[in-house]
Amino acid sequence: MPLLLTQLLRALRGRLRGWRKALAVIGFVFLTSWLAMWLAEGGEGQLARPENYWWWFLITSATVGYGDLYPVEGAARLVGAYVVVAGIITLTMLFTELADHLQNLRGKRMKGVLPQQAEGHVVVLGYRAGRTERIVHDLRLEEEREVVLCAWEEDAPEHPMPEEDGVGFVRGDLSCLDVLSRAAVARAGAVIVDARDDNEALALALAVRHTAPRVHLVAALRDMSRRAHLRYVDPEIQCVQWHMPNLLTEEALDPGVTEVYTELTSSSGSSNTYSLPLPDALAGRSFGECQTWFGREFGATVIAVRQGGAATVNPPWDTVLTGDAVLYYLAAARVDPRHPAPTLD
């Protein structure tokens, strides 16, 4: 029997590979050992019966050995030894194939050739060592949302963040539809274009819009005057100054933040930021009471308070205001400091 098994392995070499070779070996051993057991027990033993033998073969070849069925005669025990050896060989083949398969998958993951299965994730197109790691870290800091990082072959030959869970990697021509498809752009919640230059950013934005017409798209630009060119592709594309990567992540996670910041910093916006010393009547009162009065009287929003030599943005509503406090607020016009002092009960 061992000689037959050796000849079988030699015959299968180069013809069958992987799981098929292991299946062929265990099938051959099952049939030959069953025949040998039937002969060893004279055709009358309980072990050779089909309803018993498959179970005995399974636990013996797996080297578990429950002991509910076992051979007694010497020849039958030789058959058992044959099954044990064949089982060890088969298990070794299977474990080797499994290890090779896992190693192959890891290699493909590192090379960025596997299609991503994520949905509602953020796709980052472009890689710059250090900068991209910070962007990915900020994206995952709050919601731990899945991120798929896409890089040109010359920029990242292998996954630059393999130790980060929830960060996939795709490598290739970022303007190619196949690469965008592997990155699951069509199922993404947002796409960040962090290109090497503004011309590339325009090309990538066009490719993304062709692949996913409705995905939220944020592009980093070095020259913000090129924003008009991107708006030709889609007026809904949000453009961010390249030197502000933190704003890229904020816009990707909270669409519309860029427009709010633009409105706040624009001199032609509907609201501007002003300051006002705390009215005497509000000294000792809470920030919430102050906020309520400003909103009711002036349609203004207090965004920060400076007191005790330190400024606090959006302080808790129960913060007690001292007489030296200075208020910073958003309003359509500056509040007249001569306005009648509030009367609070």
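Gln238 is buried, at 7% relative accessible area (buried means under 20%, with a 1.4 Å probe and protein chains only). Keep in mind that this is a predicted model, where local features need pLDDT of at least 70, side-chain atom pairs count only at pLDDT 80 or more, and totals for chains, interfaces and linings use all residues. Numbering runs from 1 along each chain as its sequence is written, and side-chain values use heavy atoms, with hydrogens and water left out.

The side chain of Gln238 makes a polar contact with that of Glu259 at 3.1 Å (N or O atoms within 3.5 Å, one able to donate a hydrogen and the other to accept it; residues adjacent in sequence count only if both atoms are side-chain atoms). Beyond four places in sequence, Gln238 also touches other residues, including His216, Glu251 and Thr258 (contact is heavy atoms within 4.5 Å).

Gln238 sits in strand β6, residues 238-241 (strands are DSSP E runs of at least two residues, helices H or I runs of at least four, numbered from the N terminus). Now zoom out: the open sheet has 6 strands, ordered β3-β2-β1-β4-β5-β6, with parallel pairing (pairing takes at least two DSSP bridges). β3 (167-171) and β6 are at the edges with a single partner strand each, so one side of each has no neighbour in the sheet.

Further along the sheet, 4 bridges join β1 (residues 122-125) to β2 (residues 147-151). Val123 stands opposite Val148 in β2.

Definitions and conventions:
Buried < 20%, exposed > 50% of the residue type's maximum accessible area, 1.4 Å probe, protein only.
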